[in-house]
Amino acid sequence: MAISASIAAHRFGLGAYPGELQALAIDPAGTLWRQTQFRMPPAGPTALRRALAEMRKAAGIQDKPARQAALRALFKDIRLRSRSQFDAALIAAAQSAMPFIERLTWFWANHFTVSAKGKPRVLPFAESFVADAIRPHVLGRFADMLIAVEQHPAMLIYLDNALSVGPGSRAGRNRKRGLNENLAREILELHTVGVGSGYSQRDVIELARLITGWTVPIGRKISATTAPFVFAANRHDPGPKTILGARYGDGLAEGERALNDLALRPETAQFLATKLARHFVADDPPAAAVAHIARRYTESGGDLAQMAQALIEVAADRPDLLAPKYRQPMDHMAAAVRAFGSEIVKARQTLPSLIQFGHAPLMAGSPAGYPDRTSDWASPDAVMRRLEWSIFAAKRARIVGTPEALAEAIFGAELSPETRFAVAGAESPHQALTLLLVSPNFMWR
Amino acid sequence: MLTRRSFLATAAASGATIPGVTLASAPGERRFIFILLRGAMDGLAAVPPLGDPDYAAVRGRLALRADMGALPLHDGFALHPAMTEAHRLYQSGELLVAHAIAPPHRTRSHFDAQNILENGVTRAFARDDGWLNRALSAIGGDRADLGLAIAESEPLTMRGPAKVAGWAPRRVVLIPETLSERVSAMYAADPVLAPAFAEGLDAHALASANAGSDGRMGGARGGRALVLAENAGLAAEFLARSDGPRIAMLEGGQWDTHAGQGVASGRMARLLGDLSAAFERIKNGLGPAWWQTVVVAATEFGRTARPNGALGTDHGYGSAAFIAGGAVNGGKVVADWPGMSTGALYEGRDLMATMDMRALLKGVLGDHLRVSKQALDARVFPASGSVRPIFDIIRQ
């Protein structure tokens, strides 16, 4: 197997710290492989319990103006709190010993996008969403991640399933509320089989019926044992449902069975493999790469660790398939931290900066998440923003040794003549570092 | 009482476009702004057909009543009460409403439908360039600074061979020439970064010249969060310059109102208020150039005619579009109204679309920007010869 240290660090990781390439050079592919052998521990219930308790306290106020004021105050508090939390999370990720796992976590969190943009009620649950629904499963079964995601309060609120009521259910017959198709549509279109895979509006409605009653325990008493997910049987639409030709009955277990079936469909394998290959291999992923990853997914019953290993195999066996990938803003910031240390980011400004870049976590404009092609991120305006950010970042960095030596320590033999020439010919160490941060070496991975 | 009316007279091939206008002279002082409302604007909330006999019953708890401040238009239509600025423009003949309109698709996927609205053909992801970029190529020749996209990343509508500057409102940072020269040299061999940086530097220079002493552009002014209006004001600043761009694109989001969209007030009212203010900001920002300007605001599809269980609306089909500007032959509603009875609704649930978005856009591009019929039918909207432009929406 032959993967260069540079590909292991930059393409599959979050960049290189000075000297990391030499350390990696002994066995780059093995370093990646070993990361996929970990079993991610489940997260504790702390973040979710706190979110539920906070939401319940604010949402439970009877008086409407007072309730709205309390919710606004809560959201503002969370936004301020999350600024510091995000600094810590970004720095920890950037300096992680398992950067490939961080990348996979980011990838799957984007695949299952939840966003507080226009939906501030998602905010309290955002931290728990990645910790509880994504991270524990990035090396587990896709079906388990899918079920954890679709039952997480952040997703149930974001795509409105928390409000969906089966027309034939007890609650539906008594009250004037009805079916909401939003989550069911995105499960098919974005989470599993993918758009254009042949499902119909009928399938959307049937899946929406099947997951009626999947909701959030806000308004109930929260105790140390409260489950974060509630199946409200009185909202569940009774009767048989047919989704992509498979028949399902009533109840929570049938909904979970449907998600399990969707996870194992060949269209899902193809859809997920294409996205994963687009993220790591090429903007337009070659069919050979996609086929290899999809096959391993299918053969392993949707095992995401095996899928990640298949990706490493593609890079090792078919390096000719790798096309340059452009670093997205959050990856660029993380690579700067990994290379130059955490001083390079300004306290409580990492999140506002990413909002400016249009790449803040949990702030995507649609459930499709952030796009993944060069053209989505390398617009003239985006390139200028990155230069502007780098001007300020370079001022914060501590420079040890000459900038040229630093460039060599981060990029090794891959350091391009253009980057080397620009860095060596800068008019000041600050300008040299600015140039290094926006150099083609740093922008492409 | 609303009647089924047809305004869809077609432009004769030689009637709408003035023979003898050469490509090099276009677009002259004429300006065009396209506002893409992402997420599917509820056309029945924006432009409620109060006169439709089925409207109140079908809309149910989301139905707007005349006594809720609805702003009357012609033929039984009204504007949402939050759209006061737009209504003033309508009354003075500077705003026209198209209704029951959609891009040429039958999908309820945002991403497919936006792609079709942007790529200008009938199949999603069939092209990597957008209709407005192709229109730029058709009218602009080699002029590189004709187009401007005010957006976080370059929208597909504006992608393509014609050069387009990209910009979003923010503080202007000083970039020393000693740095920009070195960056340019470092990027010289990079096929992506070199052109992007060259264009970015041009736009940066333009913005620096426009910025106030504190370097601030856009941002929040006043109490309301007028995101789209702020961006619209910024676009108008650029377009007002005699040597500035002539064609701009803006985007607004948050229109995917699946829950609690409100009736006369609430979330939908805030969104529509922002859009309405955007038209006024453009008029104020352009000054006299407003009289040579057309603004089209359009969305990928409409929403279900009936409310869903969460007092929102789900993905539908036909919606409304707004055409504003001093060059618009406004003060009317253009629609081949399909009606709202269950039989008339698309699949029994959505307002039917009876007008192809391309017909509207071809009408504007042809009559206002003088794009030739041949270019419109074959290049801007490929294989659209059978889609006749809507006639008489531009003051001749």
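**H5 and H11 of chain B.** I started with the axes of helix H5 (residues 131-140) and helix H11 (residues 373-380) of chain B, which come within 10 Å and cross at roughly 140°. Axes here are lines fitted to C-alpha atoms, for helices over the stretch in contact, with angles running from 0 to 180 degrees between N-to-C directions. That makes H5(B) oblique to H11(B); under 35 degrees would count as roughly parallel, over 145 as roughly antiparallel, 65 to 115 as roughly perpendicular, and the rest is oblique. I noted the crossing of H5(B) past H11(B) as right-handed, i.e. the near helix is turned clockwise from the far one by less than a right angle, anticlockwise being left-handed. Helices (H or I, at least four residues) and strands (E, at least two) are DSSP runs, numbered from the N terminus.

Which residues of H5(B) and H11(B) meet? B:Trp131, B:Arg134, B:Ala135 and B:Ala138 sit on the H5(B) side, and B:Ala375, B:Arg379 and B:Val380 on the H11(B) side. Contact means C-beta atoms, placed from the backbone, within 7 Å. By class I get five nonpolar, no polar and two charged residues. Nonpolar covers Ala, Val, Leu, Ile, Met, Phe, Trp, Tyr, Cys and Pro, charged covers Asp, Glu, Lys and Arg, and the others, Gly among them, are polar.

**Ground rules.** This is a predicted model, where local features need pLDDT of at least 70 and side-chain atom pairs count only at pLDDT 80 or more, while totals for chains, interfaces and linings use all residues. Residues are numbered from 1 along each chain as its sequence is written, and chains are lettered from A and ligands numbered from 1 in the order in which they are written.

**Confidence.** The model scores ipTM 0.93 and pTM 0.67. Chain B averages a pLDDT (the predictor's confidence in each residue, from 0 to 100) of 85, and 85% of its residues score at least 70. I flagged residues 1-25 of chain B, where pLDDT stays under 50 and the model has 39 contacts beyond four places in sequence. Residues 210-224 of chain B also stay under 50, with 20 such contacts.

**Chain B overall.** I looked up eleven helices and eleven strands. Of its 396 residues, 60% count as buried. Buried means 20 or more other C-beta atoms within 10 Å of the residue's own, exposed means 12 or fewer, partly exposed is in between, and C-beta atoms are placed from the backbone.

**Positive phi.** B:Phe125, in the loop between helix H4 (110-119) and H5 of chain B, has phi near 60° without being a glycine. It counts as partly exposed, with 13 C-beta neighbours inside 10 Å. B:Ala383, in the segment after H11 of chain B, has a positive phi of about 55°. B:Ala383 is exposed, with 10 other C-beta atoms within 10 Å.

**Where A touches B.** The contact takes 45 residues from chain A and 41 residues from chain B. On the chain A side, H20(A) gives the largest share, eight residues. That side divides into 19 nonpolar, 17 polar and nine charged residues.

**H20 and H23 of chain A.** I found their axes within 8 Å, crossing at roughly 130°, so H20(A) and H23(A) are oblique to each other. The crossing is right-handed.

**H8 of chain A.** Eight of the nine residues of helix H8 (residues 142-150) of chain A are buried, so the rest of the structure largely encloses this helix. Among them are A:Phe142, A:Met145 and A:Glu150.

Key. Two residues are in contact if their C-beta atoms, placed from the backbone, lie within 7 Å.
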